[in-house]
Amino acid sequence: MSIFSLTLRRDLLLVIREPAQGMAVLAFFVMAASLFPIGVGPESALLRRIAPGIIWVAALLAVLLGLPRLFEADFLDGTLEQMVVGPVSLGLLVLGKIVAHWLSTGVPIVLLSPLLAIQFSLDRDSLLVMVGSLLPGTLLLSLIGAIGSALTLGLRNSGVLVTVLVLPLYVPVLVFGAGALEADLAGMDAAAHLYLLVALLALALFFAPWVTAAALRIALE
Amino acid sequence: MNRWLHFASPQRFYPLAGRLMPWLVVSAALLALAGLAIGLLIAPSDAQQGEGYRIIFVHVPASWMSMFIYLVMAFWAGVGLVLNTRLSSMMAQALAPTGAMFALLSLLTGALWGKPMWGAWWVWDARLTSELILLFLYLGFIALYSSIEDPSRADRASAVLALVGAVNVPIIYFSVKWWSTLHQGASVSLTRSPSMAVTMLWGMGIMVLAFWAYAIAVALARVRCIILEREARAEWVKYAVE
């Protein structure tokens, strides 16, 4: 088995055996998005208008909140150090961890998002576009977030710091992700947004694990 | 090559920076005076915007500098990361506050211009939004640098961040541009630039030079402080401060 699939399996097993943390992120996603109708009022035309932004921002913040889980536990008990000094490709290992993080944070968010779509009275076709934009989008968020998470590893204020580092880098993802859904709601073709989102994903799949590995080496020196 | 590496040592660069600084400070002051005189007194008032346009003599150079300094900062950070030259990383760290200041100055002067012209301090225009995100990138760099206690780790971690940011700047710029064209609101389009009088161009060019001189002078002053701080235990520092 390659180091990628071994790491993926190990991290997923850890998530399954301790499901509480992942659940908290999902609860945050639903709660944060549900606060908006309470804040702006229950008028359904307005809600449908702002739904893309709200669902996407809630998903983005939920992924951001889940980022510490990526490396922190392994860093604290010394496992991460062994991974870095081990004779394996750190980039592939990191990719395995990121994909595991996506499967345990991003994918549940995507599966839960139709529930929110109903709350914001989106119709069935827009729902497909929403799922189609969130699925690659959350992986992209995890990939970019991994860089910030590795750079701030072990710092005292790492929770706030990772937010400050990563949020500006999340802007293009939000533009294209929420843009796809918004274009669809406006009766336009969402494909262009989705293509660009997937193009960014291809770039990040190549570069992010490599940069994250470099950042981990710096952090563990 | 060797001549350049000669000044890569903080000990040798410290006096050089000290000698260059007065010249830069004086030329920054003189150029700023000349540029402001041309911009505020000599240049004709604009046919459409009246006197209000004169803020561009500060605004446009500040925006250019804020973008340019980020690239220079990322360059020095990258050099420091690859060649492990301490001075390059110190230079990157010294440039960050100046770049952030220019980004903030550009946003503030933009707001001052926008109020009489658009009737609003802030509109979500593509340029304003990407300038704001650039400011956030600077703040992230400074925040990361100052949260890491070990200077060598701080240098290298913030270098990675600066390089990732530099790769992202064009992506962010074009995504924001596309975003704002899709959301065509009631705002005025900035893209059609009216032809400028020659004196206006002169004023702006001289202000750009003044800002350059200022940025280099301040960065050198800051890098001198950083060198003293980081090399405090070295023998030569004792003689240098006397």
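Which side chains meet in a salt bridge at 2.8 Å, N to O, with E221(A) as one partner? The partner of E221(A) is R156(B). A salt bridge here means a side-chain nitrogen of Lys or Arg within 4 Å of a carboxyl oxygen of Asp or Glu. Since E221(A) belongs to the segment after α10 (191-219) of chain A, while R156(B) sits in helix α6 (residues 151-182) of chain B, the pair joins two chains. Helices (H or I, at least four residues) and strands (E, at least two) are DSSP runs, numbered from the N terminus. E221(A) is exposed, at a relative accessible area of 65%. For this term, buried is under 20% relative accessible area, exposed is over 50%, and partly exposed is in between, with a 1.4 Å probe and protein chains only.

Before we go on, a word on what you are looking at: this is a predicted model, in which local features need pLDDT of at least 70 and side-chain atom pairs count only at pLDDT 80 or more, while totals for chains, interfaces and linings use all residues. Residues are numbered from 1 along each chain as its sequence is written, chains are lettered from A and ligands numbered from 1 in the order in which they are written, and side-chain values use heavy atoms, with hydrogens and water left out.

Over all chains, the salt bridges number nine. Let us turn to chain B. There, the side chains of E231(B) and R86(B) form a salt bridge at 2.5 Å, N to O. This pair links distant parts of the chain, 145 residues apart: E231(B) is in the loop between α7 (198-230) and α8 (235-241), and R86(B) is in helix α4 (residues 86-118). E231(B) is buried at 12% relative accessibility, whereas R86(B) is partly exposed at 42%.

Another salt bridge in chain B pairs D155(B) with R230(B), again 2.8 Å from N to O. D155(B) is buried, with a relative accessible area of 9%, and R230(B) is partly exposed at 25%. In chain A, salt bridges with shared partners connect R10(A), D11(A), D74(A) and K97(A) into one network.

Finally, have a look at S147(B), in helix α5 (residues 126-147) of chain B. S147(B) counts as buried, at 18% relative accessibility. A polar atom of its side chain lies 2.5 Å from the backbone oxygen of A143(B). Leaving aside residues up to four places away in sequence, S147(B) touches L155(A), N157(A) and L161(A), where contact means heavy atoms within 4.5 Å.

How values were computed. Polar contact = N/O pair within 3.5 Å; in protein donor to acceptor, adjacent residues only side chain to side chain.
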